[in-house]
Every structure is written in structure tokens, then in C-alpha cells.
Amino acid sequence: MSDAETAPWWQGAIIYQVYPRSFQDSTGTGMGDLNGIRSRLPYVARLGVDAIWISPIYPSPMKDGGYDITDFTVVEPLFGTLEDFAALIAEAHDLGLKVLLDFVPSHTSDAHAWFRDSRSSRSAAHRDWYVWRDALPEGGPPNNWISEFGGPAWTWDEATRQYYLHIYAREQPALNWRNPDVQNAMLDAMRVWYARGVDGFRVDAVEHLAPDHLLRDNPANPDWSEEEGPARSLFRTYSSHQPDVFPLVRRMRDLADDHGGRLLVGEAYGTLDEVMLYYGDALDGFQLPFNFELISAPWDPLHIAAYIDRYERMIPPGGWPSWVLGNHDRDRIATRVGPDQARVAQMLLLTLRGTPTMWQGDELGMVNEAVPEHLLQDPWAINNPGTGLGRDPVRIPIPWEDDAAGRGFTAGEPFLPLSSVASATAQEADPASMLSLVRALIALRRDEPALSLGTYERLHADAGTLSYARKHAGRRICVVLNFTAREQALAIPGAARLSTIPGRDLGRVDSLLPNEGVILTP
Ligand code: NOJ
């Protein structure tokens, strides 16, 4: 049997991220929901992806877009019911799509019953489920840590006269994973969803579990610039990637294995060395620790080529790569590199070795959109007015139709402004559209296991181009990408199977057009 038949499903797969608030509204609330997602599953299946990861669907006051959760085991009423979820998962499975949920272990909402009890008194049953500390003798928070959304990572609780830790918004108190009761309760929540048939989880912000037990001050980052946001003014030396995180990841993985090998994709922003730790010493951590380089890397072939080489070298034997070009937290790729290079970027994402995770709407070439102040949702934007920080511009609803009110996303008033790009329906009918290109790339990847499972070999990189070969079962496919708006020589012989340039004559090509990527088959 070839490894195409024996590899676990997620190695040959493409994951597609769905952000429920922005995907499809079925009730006219102006915000997406589960039945909306279900109604669009045929579109997702037609794309050719293998799995969806749905950002949090749990009850939430929405102080952080659903990442502030009041109950890990049920569904936010605005999004629907558990019956709606059952219907969604059944239909996804019928269409051949796996379903991953978002698991958010590092914090709850401050409205969660656990935290309400925890803050009720110092002797409350759940007091130690969160990280409480006295003020320093001279007054003020226990250390200098800064919340990811700005301001101190500690909030004073007047009633019980201690501070609680929150790595994110003050409405997101950090859970104390050093307490075994917390571990067990959180693993129980995973069990509940496994029993409901989910195929795995994307695990949120895992680097923050079990921060330094001495809570030492983080050192200052001398290279910090303001546009990174206040939190980056300190290194995260003592607040992230601490050794005690990894046994916790192992526990999650054991549980996933006990349920027939469910998939865990781990979100842990860090250096490559740090990311590698999440594979686990014996590949007993996450099957797929996210690799976020492409969502912030300078769009420079030399940089990207060097990064790929380093990443490929560092992945532990038997470990599998992951690639991400966008998500609900970072600027849209089409905004970062422009519409022409966004097509090249999709070719890169979908031809690298490893499992790509696509961000909803990137297949339509969606861009960041301006969001007026009164519609801002993101605490990062709200806490840092006038700075341009914030993630609402990347969470704009999907434009399904051109002529319908609410662009087919909602019959009501959309919770964020609508997109400026052509709709999915229009793009489906247009062979030159980004959607048509992405579908063609995915179809070719499915046809050619070399593109998903094959080895990676760098062929060439210079200031304008990057080329590499993918090889599998004796078949060798080359990818050549032009990162510039100038024509470039093409030294590699072969017939172009696919180009990012609409209408390009395929067959033998001798040069790369401006902003062109091509896939060459023997
Ligand atoms: C990472 C998520 O992707 C982001 O949206 C969220 O704000 C934080 N974790 C906190 O959960």
C-alpha cells in the first residue's frame, strides 16, 4: 500500500476555518449561526476541502468574539441548539467533511459559573480554579505582565481583595491548570464533544496554560514597535511555553487517542523552537501544531525559502507540517500582499508539504474592510482607540450574493460592514476568479498525491522567485512562483498544468509572467 492509503486522513487534508458569526445568518439577527453554516456546507464541499474547523460556538457574552465562554459543553443560543449542531455534523459527515471544534482551555468568561463562584469568596469551592494573587506589598499587580489586548494582565477584585490573572480581556480570567480539578473538568468537556461526533479540536492559545509558578516579571523587548500592540513590548519569557504546558498537551492527546485518534491542532504562537515542542517528545503532543510564519512573514522569496528549509529540518521525524495563510486574528493575505500576489500565495499554501488551513473568504480574495467605530466588536480595538489595532476588519461576513440584501449573508442588519469583493456566486461562474483558481489548485492537489504527501525539495530562490519540487511514488511536480510584478526567466523544463494567471496558455512555458505562479508536471 502507498502512504496515500495508509497516512492518517489529516495528512493529506485541507482544513477550512469557519468563523460562525461571519459565515451565514439563517435567522435575520445579522450574525451567523449553525443552521447558516449547515446551509453552506455544499459550497465548502465543492471547494474540495476535507475538514472544517469552527471557531467557538459556545455560550458567550461575546466580549472576545466567542472566545469568552460561559459553558464549554453546550451551544450559544444565538447560534442555535444542540439539535442544530447534531444536524450540522451529520450533514458535514454525509458530505465527507470532518468537523473540528475550537477548544479554549486557557480561560473562561468572567460570567462562567466557575468564575462567579471563584470570585465569591476566598474559600469558595472554585477559588483555586483561577489564578488569584495578593497585591504587591507596595501595592499594585503581582507582576508586569500585559494583557494581549492592552493594559495589565491583572484585575483587582475589591470584594475578595486579590488580583486575578487574565492573559486576554479582563472578562477572560485565566484558568489554573495546575489544579487537577480544572484539568479533569476541561478534559470532560472534550469528552462531551467527542461523544457528539466531532473529529477533533483546534486548541486555542495553549502556550498560556501553566505560566511560571513564581510569576516572574517578563523582560522588556527592546525592538518593540507600537503597531505590534502593547503586549509585545515585553517578551513572554515567563508567561508562555512553560515546561508544565507539555504534560497537559499530552493529556489532551491521550484522550484524543483514546477516542480513536481524533485530531488536535494546536495554536501556540512562538519561535520555531517553541512550536516544535508541541509535537511532544515522542510525537505525543499535537498532531498539528500550527505554523504561523506565512501570516506575518515578509513577502520575500528568499525569506520564505529559508524559512521552509529550516521548518522542514526541524520537524521531528514522523511529525507532519502545517501551513496557514490567514485566520480571524491577522490581516487578510490579499490586503497584505495585494490581489495579484494573493493568487500566488494560494498556490504556495496549497502546494507546500503539510496540512494547509484556509481562512474563510481568502478563497474569494476578501480584503480587510474599514469598520466604523460604533460597530467595533474586538476588545483589542476597543481598548486601544485610534491605533488601528483590532481584528474586526478581517472578520467581515462572507459575500454570498451580489444582488441580495445583506449580500446573501443576512436578511437583517449585518453586525459588521459588508465585503467589497465579488460574491461567491459570481466567482463560481467566473473562470478567472480567485475562487476558480483555488478550486483548481485543490482539485490538482487531490489528483496528484505528490502535492499533498510528496517530499519537498527546494530548487531555487532569488529576490524574485521561488521554485521547489514535490515528489511521490516516482512522480515529480515543480512549482515556480514569481513574487514580483516583472516577467522572470523560467529555467525549469516542463508543461504548465496550472497557472495563477487567468487564460494563460498551458503547455510548455518559457518565462513567468508578472505575478505568476505555475505548477509544472512531467
Ligand atoms: C486566540 C484566538 O484565535 C483569538 O481570536 C482569541 O482572542 C484568543 N486566542 C483568546 O482566546
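A: Leaving out residues up to four places away in sequence, Met252 touches Phe103, Pro105, Trp177, Leu187, Met190, Val203, Leu209, Leu264 and Phe286. Contact means heavy atoms within 4.5 Å.
Q: How are the residues numbered, and what kind of model is this?
A: Numbering starts from 1 along each chain as its sequence is written, and this is a predicted model in which local features need pLDDT of at least 70, side-chain atom pairs count only at pLDDT 80 or more, and totals for chains, interfaces and linings use all residues. Side-chain values use heavy atoms, with hydrogens and water left out.
Q: Which residues touch the most other members of the largest nonpolar core?
A: Among the 134 residues of that core, they are Tyr16, Ile57, Phe85, Met190, Phe201, Met252 and Leu466. A nonpolar core is a set of buried (under 20% relative accessible area, 1.4 Å probe, protein chains only) Ala, Val, Leu, Ile, Met, Phe, Trp, Tyr and Cys residues joined through side-chain atoms within 4.5 Å.
Q: Changing topic, is Tyr164 buried or exposed?
A: Tyr164 is buried, with a relative accessible area of 2%. A polar atom of the Tyr164 side chain lies 2.7 Å from the backbone oxygen of Arg170.
Q: And the ligand, which residues come nearest?
A: Of the 13 residues around the ligand, Asp64, Arg202, Asp204, His328 and Asp329 come nearest; being near means having a heavy atom within 4 Å.
Q: What is the distance for His328?
A: An N or O atom in the His328 side chain is 2.8 Å from an oxygen atom of the ligand.

Methods
Buried < 20%, exposed > 50% of the residue type's maximum accessible area, 1.4 Å probe, protein only. Polar contact = N/O pair within 3.5 Å; in protein donor to acceptor, adjacent residues only side chain to side chain.
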